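Subject: Structure handover and notes

Hello,

Here is the structure for your work. My notes on it come after the sequence and coordinates.

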Amino acid sequence: MAHVGFVGVGRMGANMARRLQDKGYRITAVHDRNMQATEELRRDLGCEAAGSPARVAELCEVVVTVVSDDAAMHDIYREGASTSLLAHAKGRLFINCATVTPDVHIDIERVVERHEGASLEACMASSITQARQGTLYLMCAGKQLVFERARPLLEAMSAHLRYIGRAGEAAKVKALVNMVMNCNTAALAEGLGLGAALGMDLTMLREVFGQTGAASRVLETDGEDMQARAHDCYFSAAHATKDSGIALALAASVGLGLPLAEATHRQYERLVAAGRGDLDKSAIAELTFKGRHQ
């Protein structure tokens, strides 16, 4: 079984690595800009805390990347940099799980192939618990043969695995998934906020929502947290802002206006501007409940 490495070991990446080790994969090296996170995972898994992405690629045939945004992706794949994954790309398989602009995945596939490696995007529509349990929903794109090469490892991390098409296509689907999820979250926050302002029992209201056309997955995951003001982060408001922005850029590229998505994006931008970007996306309720916001 191949040596596997991770670049980006925040809560998602770290739990994906733990899951793969549980399934018998050899996690050989991990790296993160946060060296404390790298060291903690090294202790858990008994692997090397690599000083750079290049070191991970040097030691591992398969490298899973779980970084935060476009800039971070470009940084770890920077051409000509001795610290870059490209320094040891030949023969390597790179599985990129970040939600980034679709064109970034296309660029990464091209540059990795120039360096005689293979690249696959594996976009996740799940959260931390699913990463640890190996029940992620993975949407993949790139060369079909690369997908088949990666399939056994991907199946070890997921309950649902879907091949979308060429590079960039899974990232488009993921952007739309998150755009709709964010709109649903904002709408739920407004419904519960209005209910609270009218003096309603929010537990009752959530139960009614769940049995009617107001039901949604977001109601299940975020409704109680909005009511209790419990915003421990599973998917941050900052990431919600970024991902809705990606979707809106896609809409602009085809000349389509999305007023609901635009309004939701503005709300999340307000939350980030208020210094609450590290809270869970459910914290958008803090902007809609009377007496919670300034």
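Predicted model: local features only at pLDDT ≥ 70, side-chain atom pairs only at ≥ 80, totals over all residues.

Residues are numbered from 1 along each chain as its sequence is written, and side-chain values use heavy atoms, with hydrogens and water left out.

**The sheet**

Helices (H or I, at least four residues) and strands (E, at least two) are DSSP runs, numbered from the N terminus. Two strands are taken as paired if DSSP finds at least two bridges between them. On that basis there is an open sheet of eight strands with mixed pairing, in the order E3-E2-E1-E4-E5-E6-E7-E8. Its edge strands are E3 (48-49) and E8 (158-165), each of which pairs on one side only.

Strand E1 (residues 3-7) has a parallel partner in E2 (residues 26-31), with five bridges between them. Within that pair, Gly5 is opposite Ala29 of E2. E1 also runs parallel to E4 (residues 62-65), joined by four bridges, and here Phe6 has Val64 as its bridge partner. Four of the five residues of E1 are buried, where buried means under 20% relative accessible area, exposed means over 50%, and partly exposed lies in between (1.4 Å probe, protein chains only).

From E4 the sheet continues to E5, again parallel and again with four bridges. Val64 faces Ile95 in E5. Ile95 in turn stands opposite Leu120 in E6; E5 (residues 93-96) and E6 are parallel and share four bridges. The pairing of E6 with E7 (residues 136-142) is antiparallel, over five bridges, and includes Glu121 opposite Ala141.

Strand E6 (residues 118-124) has seven of its seven residues buried. In a regular strand the side chains alternate between the two faces of the sheet. For E6 both faces are covered, with Ala118, Leu120, Ala122 and Met124 on one side and Ser119, Glu121 and Cys123 on the other.

**Helix H7**

Buried residues in H7 include Val146, Phe147, Leu153 and Leu154.

**Cysteines**

With a disulfide defined as a pair of cysteine sulfur atoms within 2.5 Å, the count is zero. The sulfur of Cys183 has its closest cysteine sulfur in Cys123, 19 Å away, which is too far for a bond. Cys233 is in no disulfide either, as the nearest cysteine sulfur, that of Cys97, is 18 Å away. Cys233 is buried, at 14% relative accessibility.

**Salt bridges**

Counting a side-chain nitrogen of Lys or Arg within 4 Å of a carboxyl oxygen of Asp or Glu, there are 19 salt bridges. In one of them, Asp44 and Arg18 have their closest N and O atoms 2.7 Å apart. Asp44 is in helix H2 (residues 35-45) and Arg18 in H1, so this pair ties together parts that are 26 residues apart in sequence. Asp44 is partly exposed at 47% relative accessible area, and Arg18 is partly exposed at 22%.

Lys172 and Glu169 form another salt bridge, at 3.0 Å from N to O. These two are three residues apart in helix H8 (residues 169-197), which puts about one helical turn between them. Lys172 is partly exposed, with 34% relative accessibility.

Arg292 and Glu286 also form a salt bridge, with their closest N and O atoms 3.0 Å apart; both residues are buried. Finally, Glu39, Arg42 and Arg43 are linked in a salt-bridge network.

Regards
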